[in-house]
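Here's a quick briefing to read with the model open on your screen. Take a look at the fold first, then work through the topics below.

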Amino acid sequence: MGTARVRRNDLCPCGSGKKHKNCCINKRKRKYMSEFALHAYTSHCIMFYPHDLKKLKFDQKFHIYMINMIPKLTYIKDSLEVTKDKIRIDMAVKTAYEEKVRGIDFDLEGVTDHRTLRINFNESSKTMEIIDGQGQGWLARALNLYRECTEKELESEILYIGQSFGSFGDRTAQDRLLAHSTLQQIQSDFLFNEPIGDLAISLLEFTPNLLTTFDGVSKDYEMSNEEDTTHMMKVLGSQPCVLHSQMINVIEAALINYFKPEYNAKYKDNFPRIEHLGYKHYYDLDYNSIQVEIDTYALNSDLFTKHTKYSDFNMIKYPLHSEETRKNMFKFFD
């Protein structure tokens with residue numbers, strides 16, 4: 001059974017002919033006095049060019065990846081200024097609609113006089129190569145430097161969302177992406193269409209929380225106190241804050257349904273559904289809701305698709321049950 005939402009001004013599903021807001025909307029009950037939701041938030045995230053995929057080494061076990069289209073970032077070599085304390089350079093930020101220039105200042109830890117450094121540019125790899133007097137070097141990718149040294153969020157269109165957790169947590173993002181047919185297809189489309197932009201990959205590590213609300217006021221629930229206690233012990237006994245494949249499945253599904261990326265097909269228009277076995281765990285435990293939160297500040301990115309734009313002030317939220325059959329645990333005043 002699906003979870004098509006009946007809105008306030010829709011006809012009430014009871015068949016009365018009245019609008020839902022004037023009929024059964026306030027007759028919904030909480031199923032339990034104590035209701036539960038999974039809340040998952042990004043505890044670590046990185047972004048890089050696909051060209052760097054083979055070279056990077058990750059300490060974290062990332063669970064979700066995104067393939068993004070970002071502006072074309074280019075160092076403006078003639079703007080380079082080096083003083084004793086810092087390096088300053090302008091960067092061109094080009095999209096299909098406009099081109100901006102961002103000034104970036106940074107310093108290198110342990111360098112007492114930056115004027116002693118030798119700086120080269122490799123335009124094809126969007127790299128600034130910095131070498132000191134002892135031959136030690138640093139590579140500053142345009143994307144990394146922009147994210148770390150400017151407060152201006154990078155426009156980042158999500159083209160595809162996938163998971164890298166594996167059935168037993170044994171698959172890494174690198175394993176998945178190095179042989180990823182969709183990434184290869186997107187790269188092929190980029191070469192053919194020559195869009196004004198670059199591809200980037202974002203990796204997200206999620207940490208789960210268990211959210212609980214208790215309604216001790218209305219005393220009007222579908223289930224008895226004994227059934228409520230049994231339900232609570234079942235949820236708490238399931239190790240609700242330990243990551244597992246069904247948790248990653250439901251996070252991925254919520255993200256895909258919310259953003260509806262161009263290259264995704266599954267979950268774009270049919271989440272949540274009780275028939276989906278990939279996150280059946282949360283229906284078996286009779287959870288009320290799912291919430292997913294992305295730290296865009298850590299990514300320094302403005303995440304969006306042609307369908308929607310993510311807001312830090314309005315996290316991704318899905319009740320697992322239709323509005324007319326079960327009250328959302330976070331709606332206290334209707």
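This is a predicted model: local features need pLDDT of at least 70, side-chain atom pairs count only at pLDDT 80 or more; totals for chains, interfaces and linings use all residues.

Residues are numbered from 1 along each chain as its sequence is written, and side-chain values use heavy atoms, with hydrogens and water left out.

**The cores**

- The largest nonpolar core has 61 residues, and L73, M128, I251, L255, F259, Y282 and I316 have the most contacts inside it.
- Helix α5 (residues 245–259) supplies the largest share of this core, ten residues.
- A second, separate core has 15 residues, including F62, I67, Y160 and A173.
- A nonpolar core here is a set of buried Ala, Val, Leu, Ile, Met, Phe, Trp, Tyr and Cys residues joined through side-chain atoms within 4.5 Å.
- Buried means under 20% relative accessible area, exposed over 50%, and partly exposed in between, using a 1.4 Å probe and protein chains only.
- As background, nonpolar side chains in soluble globular proteins tend to be buried together.

**Helix α5 and its end**

- Helices (H or I, at least four residues) and strands (E, at least two) are DSSP runs, numbered from the N terminus.
- α5 has 15 residues and reaches 21 Å from its first C-alpha to its last, close to the 21 Å expected at 1.5 Å a residue (that is, 1.5 Å times one less than its number of residues).
- Of the 15 residues in α5, 13 are buried.
- F259 touches I158, I161, I294, L303, T305, H307, T308, Y310 and I316, leaving out residues up to four places away in sequence; contact means heavy atoms within 4.5 Å.
- T305 sits in the loop between β12 (301–304) and β13 (316–319), and T305 counts as buried because its relative accessibility is 7%.
- With residues up to four places away in sequence not counted, T305 touches E157, I158, F259 and P261.

**M128**

- M128 is found in strand β7 (residues 127–131) and counts as buried at 0% relative accessibility.
- Beyond four places in sequence, M128 is in contact with Y75, I89, F106, I119, N120, F121, W138, L139, A140 and L145.

- A pocket is an open set of points on a 1 Å grid over the protein atoms alone, where a 1.4 Å probe fits, with protein on both sides within 12 Å along at least five of seven lines; lining residues have an atom within 4 Å of a point.
- The lining has 25 residues, and L56, L139, R141, N144 and E148 lie nearest the centre.
- α1 gives the largest share of the lining, five residues.

- Most residues other than glycine have a negative phi, and most peptide bonds are trans.
- K260 follows α5 and has a positive phi, near 50°.
- D286, in the loop between α6 and β11 (289–293), has a positive phi of about 60° although it is not a glycine.
- The peptide bond from F271 to P272 is cis, with omega near -5°, and P272 is in the loop between α5 and α6 (280–284).
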